[in-house]
Amino acid sequence: MNPGYQKFGIKTEFVERVKLKMKNPAVKEKIKGHLEGATKYDLQDRAKVRRWVKTFAKILNEPLTETQEDQLVNFIIAQRIDPNNMLHLLKLYTMFR
């Protein structure tokens, strides 16, 4: 089965590296701290999402090309995530487990 992120040109190897790095509690907390208070409207704001993608790439030590940034931003916006909706969070969790 083809994971949804591949439709946006995001490589499986990249996702696997990020998942591994996110298992580090310090890294995970740092990223969670940046998303504290994020709303569904923030997650539809292309400029905010791009800033977060750049910030998280630095935290994870994952250099991104402009094309990769665009792919990630487009993927995140397409998910229409509401961080206050448990079903949305479960959908995200299952996408990346």
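1. Glu-16 is partly exposed, with a relative accessibility of 39%. In this predicted model, the side chain of Glu-16 forms a salt bridge with Lys-19, and the closest N and O atoms of the two are 3.3 Å apart. Lys-19 also counts as partly exposed, at 21% relative accessibility. Both residues belong to helix α1 (residues 12–21); because they are three residues apart there, about one helical turn separates them.

2. Lys-32 and Glu-29 form a salt bridge in which the closest N and O atoms are 3.5 Å apart. The two residues lie three apart in helix α2 (residues 25–35), so they are separated by about one helical turn. Lys-32 is partly exposed at 45%, and Glu-29 is partly exposed at 48%.

3. Which parts of the chain does the pair of Glu-62 and Arg-17 link? The side chains of these residues meet in a salt bridge of 2.9 Å, N to O. The pair joins distant parts of the chain: Arg-17 lies in helix α1, whereas Glu-62 lies in the loop between α3 and α4, 45 residues apart. Glu-62 is buried, with a relative accessible area of 6%, while Arg-17 is partly exposed at 39%. Because the cut-off for a buried residue is under 20%, the student can see how the two partners come to be classed in this way.

4. At its start, a side-chain oxygen of Asn-24 reaches to within 2.9 Å of the backbone nitrogen of Ala-26. Just after α2, Gly-37 takes a positive phi of about 85 degrees.

5. Helix α4 has 13 residues and reaches 18 Å from its first C-alpha to its last, which is close to the 18 Å expected at 1.5 Å a residue. Its buried residues are Glu-69, Gln-71, Leu-72, Val-73, Phe-75 and Ile-77. Just after α4, Arg-80 has a positive phi of about 50 degrees.

6. Which residues have the most contacts inside the largest nonpolar core? They are Ile-10, Phe-14, Val-49, Trp-52, Val-53, Leu-64 and Leu-72, in a core of 21 residues. Helices α1, α2, α3 and α4 each supply at least two residues of this core, and the largest share, five residues, comes from α3. As general background, nonpolar side chains tend to be buried together in soluble globular proteins.

7. Leaving aside residues up to four places away in sequence, Val-53 touches Leu-64, Glu-69, Leu-72, Val-73 and Ile-76. Among these contacts, Glu-69, Leu-72 and Val-73 are also listed as buried residues of α4.

8. A final point concerns confidence. The mean pLDDT of the protein chain is 87, and 91% of its residues reach 70 or more. Where pLDDT is low, the predicted coordinates should not be read in detail.

Key: Residues numbered from 1 in each chain as written. Predicted model: local features only at pLDDT ≥ 70, side-chain atom pairs only at ≥ 80, totals over all residues. Heavy atoms only, no water. pLDDT = per-residue confidence, 0-100. Salt bridge = Lys/Arg side-chain N within 4 Å of Asp/Glu carboxyl O. Helix = DSSP H or I, 4+ residues; strand = E, 2+ residues; numbered from the N terminus. Buried < 20%, exposed > 50% of the residue type's maximum accessible area, 1.4 Å probe, protein only. Expected span 1.5 Å × (residues − 1). Polar contact = N/O pair within 3.5 Å; in protein donor to acceptor, adjacent residues only side chain to side chain. Core = buried A, V, L, I, M, F, W, Y, C linked by side-chain atoms within 4.5 Å. Contact = heavy atoms within 4.5 Å.
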